[in-house]
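Please open the structure in your viewer and keep the sequence panel beside it. This tour moves from one selection to the next, and at each stop it says what is there.

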Amino acid sequence: MASVIESAWTYLITNFNDFQLACLGSFFLHEIVFFLSGLPFILLERAEWLSKYKIQTKNNTPAAQEKCITRLLLYHFCVNLPLMMASYPVFKLMGMRNTLPLPSWKVISTQVLFYFILEDFVFYWGHRILHTKWLYKHVHSVHHEYATPFGLTSEYAHPAEILFLGFATIVGPIITGPHLITLWLWMILRVLETVEAHCGYHFPWSLSNFLPLYGGADFHDYHHRLLYTKSGNYSSTFVYMDWLFGTDKGYRRLKVLKSDACEAEGKEM
């Protein structure tokens with residue numbers, strides 16, 4: 001497996017220069033992973049398949065879904081791509097490389113774990129700041145246009161928010177100056193996580209059923225359903241920040257009430 005990856009990587013660095021791989025390669029890899037993971041949830045919602053796992057009964061209209069896709073393409077090409085190009089010198093200055101040999105899986109996994117922990121911390125506080133009255137009204141309310149989120153709404157946001165919260169995603173790699181393959185793996189995992197958190201479905205195989213402290217769709221869907229001043233659940237991937245600062249109390253109370261209601265129904269039967 002390692003030799004296959006190294007052979008593929010050799011092909012890439014032989015045929016493309018550093019800038020092309022770091023900027024254009026990262027951008028198109030992001031687009032492929034994002035849309036391939038997010039578009040199926042639009043199909044599920046329109047066809048009303050697996051509806052018993054849908055968290056909210058309300059569906060988005062096709063017009064609302066198409067508006068999201070159109071805006072996303074605009075933001076990705078006009079905000080994300082220029083941002084990747086502008087940040088390239090910073091990553092190079094901090095030591096990012098794409099040469100062989102590839103880093104060991106131990107190095108890659110350690111760095112990615114560090115990125116998740118740091119991103120959770122930075123994102124939590126940035127997200128809470130965006131829920132202050134003025135910033136919510138003028139910036140973050142764009143993301144909350146979709147009270148019933150679906151996978152692609154994860155990146156539907158005001159350009160200022162893309163820049164602001166995007167810092168939480170790149171601050172870890174900027175600090176460590178990783179190999180490009182580590183950066184790509186981190187980007188893929190982060191995209192898959194945020195699409196899943198906004199997908200609107202809680203399946204029996206959802207990660208939150210198996211991975212302690214993982215938020216997932218049920219946790220984040222609660223955040224979208226409530227008024228901005230009372231929502232809580234500001235965390236990104238793992239929920240320890242909300243637990244530490246008590247901003248998930250409403251969600252936890254709701255879970256207890258639902259559990260009690262299910263137990264009561266079971267006893268009546």
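Two residues are said to be in contact when heavy atoms of theirs lie within 4.5 Å of each other. Keep in mind throughout that you are looking at a predicted model.

**Stop one: α4 and α6**

Select helix α4, residues 105–130, together with helix α6, residues 159–176. The axes of these two helices come within 9 Å and cross at roughly 155°, which makes α4 roughly antiparallel to α6. If you look at the way one passes the other, the crossing of α4 and α6 is right-handed. Now display the side chains where they touch: on the α4 side the residues include Phe114, Leu118, Val122 and Ile129, and on the α6 side they include Phe164, Leu165, Ala168 and Val171. Sorted by class, the residues of this contact between α4 and α6 are 14 nonpolar, six polar and two charged.

**Stop two: α3 and α6**

From α3, the residues Tyr75, Val79, Asn80, Leu83, Val90 and Phe91 meet Pro159, Ile162, Leu163, Ile170, Pro173 and Ile174 of α6. The contact of α3 with α6 holds eleven nonpolar residues and one polar residue, and no charged ones.

**Stop three: α4 and α7**

Return to α4 and select helix α7, residues 180–197, as its new partner. The axes of α4 and α7 come within 10 Å and cross at roughly 50°, so α4 counts as oblique to α7. Here too you can check the handedness, for α4 passes α7 in a right-handed crossing. Among the residues that make the contact are Trp105, Ile108, Val112 and Phe116 of α4, and Ile181, Leu185, Trp186 and Leu189 of α7. By class, this contact of α4 with α7 divides into ten nonpolar, two polar and two charged residues.

**Stop four: salt bridges**

Side chains of opposite charge can pair when their charged atoms come close. How many salt bridges does the structure hold? There are nine, and three of them can be visited here.

Begin with Glu119 and Arg190, whose salt bridge has its closest N and O atoms 2.9 Å apart. Because Glu119 lies in α4 and Arg190 in α7, this pair ties together parts that are 71 residues apart in sequence. Glu119 is buried at 0% relative accessibility, and Arg190 is buried as well, with a relative accessible area of 9%.

Next, select Lys54 and Glu45, where the closest N and O atoms of the salt bridge are 3.4 Å apart; both of these residues are buried.

Then move to Arg252 and Asp248, which form a salt bridge with their closest N and O atoms 3.1 Å apart. Are these two partners buried or partly exposed? Arg252 is partly exposed, at a relative accessible area of 36%, whereas Asp248 is buried, at 4%.

**Stop five: α8 and Asp218**

Select helix α8, residues 216–225, which is mostly covered, nine of its ten residues being buried. One of these buried residues is Asp218, which has a relative accessible area of 12%. Leaving aside neighbours within four places in sequence, Asp218 is in contact with Ile55, His202, Tyr251 and Lys255.

**Stop six: backbone details in the loops**

Most residues other than glycine have a negative phi, and most peptide bonds are trans. With that in mind, select Leu100 and Pro101, which are joined by a cis peptide bond with omega at about 0°; Pro101 is found in the loop between α3 and α4.

Finally, go to the loop between α2 and α3, where Glu48 lies. Phi of Glu48 is near 60°, a positive value, and Glu48 is exposed, with a relative accessible area of 54%. Leu50 lies in the loop between α2 and α3 too, and its phi is also positive, near 55°, while Leu50 is partly exposed at 38% relative accessible area.

Technical notes
Residues numbered from 1 in each chain as written. Predicted model: local features only at pLDDT ≥ 70, side-chain atom pairs only at ≥ 80, totals over all residues. Heavy atoms only, no water. Salt bridge = Lys/Arg side-chain N within 4 Å of Asp/Glu carboxyl O. Buried < 20%, exposed > 50% of the residue type's maximum accessible area, 1.4 Å probe, protein only. Helix = DSSP H or I, 4+ residues; strand = E, 2+ residues; numbered from the N terminus. Axes fitted to C-alpha atoms, helices over the stretch in contact; angles between N-to-C directions. Parallel < 35°, antiparallel > 145°, perpendicular 65-115°, else oblique. Left-handed = near helix turned anticlockwise from the far one by under 90°. Nonpolar A, V, L, I, M, F, W, Y, C, P; charged D, E, K, R; others polar.
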